Amino acid sequence: MRAAQLARDAAYAPYSRFRVGAAVLAADGSIYTGANVENVSYGLTVCAERVAIHTAVAAGRRRLVALAVSGPSGISPCGACRQVMDEFGVRTVILASPRGRPIAAVALRTLLPRAFTRRALRAAHARL
Ligand code: THU
């Protein structure tokens with residue numbers, strides 16, 4: 001939560017002014033952070049969660065455990081980020097205030113029931 005709070009300082013959100021920080025805990029205990037990065041072409045915006053996760057993966061950490069996100073009241077990861085969390089094994093999502101205070105800890109399974117998984121892909125490939 002503290003890492004997510006600190007990461008939020010680097011948020012680039014001149015369009016929404018909704019600044020978000022995220023920190024992901026890898027299975028080996030290391031932590032990677034990210035902040036949202038917006039663009040004048042709005043759809044190119046990347047959420048804090050995906051910046052943190054992709055930074056961890058690019059550093060070789062593919063097994064992730066938990067993710068904390070710090071942002072304004074109402075903060076909750078978008079659907080795309082939930083799917084990306086699932087890809088790398090995140091189990092617990094901690095929602096935190098801009099000051100890094102805990103709001104809730106939620107299982108990813110609760111946030112993303114019936115995720116799309118590689119099992120469906122495998123079955124489809126087996127039918128080819
Ligand atoms: N955003 C995040 O970075 N994470 C969230 O969990 C929710 C939304 C960003 C995307 C955009 O820069 C801004 O917040 C408003 O949608």
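Me: Which residues in H2 meet Ala80, Cys81, Val84 and Met85 in H3?
Reply: A friendly word first: this is a predicted model, so local features need pLDDT of at least 70 and side-chain atom pairs count only at pLDDT 80 or more, while totals for chains, interfaces and linings use all residues. Residues are numbered from 1 along each chain as its sequence is written, and side-chain values use heavy atoms, with hydrogens and water left out. Helices (H or I, at least four residues) and strands (E, at least two) are DSSP runs numbered from the N terminus. Those H3 residues are in contact (heavy atoms within 4.5 Å) with these residues of H2: Glu49, Arg50, Ile53 and His54.

Me: By class, how many nonpolar, polar and charged residues does the contact of H2 with H3 have?
Reply: Ala, Val, Leu, Ile, Met, Phe, Trp, Tyr, Cys and Pro count as nonpolar, Asp, Glu, Lys and Arg as charged, and the others, Gly among them, as polar. Sorted that way, the contact of H2 with H3 has five nonpolar, one polar and two charged residues.

Me: At roughly what angle do the axes of H2 and H3 cross?
Reply: Two packed helices are described by the angle between their axes and the distance between the axes. Each axis is a line fitted to C-alpha atoms, for helices over the stretch in contact, and angles run from 0 to 180 degrees between N-to-C directions. For H2 (residues 48-58) and H3 (residues 79-87), the axes come within 9 Å and cross at roughly 20°.

Me: Why does H2 count as roughly parallel to H3, and which hand does the crossing have?
Reply: Angles under 35 degrees count as roughly parallel, over 145 as roughly antiparallel, 65 to 115 as roughly perpendicular and the rest as oblique. The crossing angle therefore makes H2 roughly parallel to H3. A crossing is left-handed if the near helix is turned anticlockwise from the far one by less than a right angle, and right-handed if clockwise. For H2 and H3 the crossing is left-handed.

Me: Which residues does Leu67 touch, not counting residues up to four places away in sequence?
Reply: Leu67 is among the core residues with the most contacts inside the core. Beyond its sequence neighbours, Leu67 touches Ala23, Val24, Glu49, Ile53, Met85, Val90, Thr92, Val93 and Ile94.

Me: Which elements do the buried residues of H3 pack against?
Reply: Buried means under 20% relative accessible area, exposed over 50%, and partly exposed in between (1.4 Å probe, protein chains only). In H3, the buried residues are Cys81, Arg82, Val84, Met85 and Asp86. They pack against H2, E3, E4 and H4.

Me: Is Ala56 buried or exposed?
Reply: Ala56 lies in H2. Leaving out residues up to four places away in sequence, Ala56 touches Val24, Tyr32, Arg61 and Leu64. Because its relative accessible area is 0%, Ala56 is buried.

Me: Is Ile75 buried or exposed?
Reply: Ile75 lies in the loop between E3 and H3. Beyond four places in sequence, Ile75 is in contact with Phe18, Val20, Val69, Leu95 and Ala96. At 9% relative accessibility, Ile75 counts as buried.

Me: What is the relative accessibility of Ser76?
Reply: Ser76 lies in the loop between E3 and H3. Apart from neighbours within four places in sequence, Ser76 is in contact with Arg82 and Leu95. Ser76 counts as partly exposed because its relative accessibility is 37%.

Me: What is the phi of Arg114?
Reply: Arg114 lies in the loop between H4 and helix H5 (118-126). At 84% relative accessibility, Arg114 is exposed. Although Arg114 is not a glycine, its phi is positive, at about 55°.

Terms used. Core = buried A, V, L, I, M, F, W, Y, C linked by side-chain atoms within 4.5 Å.
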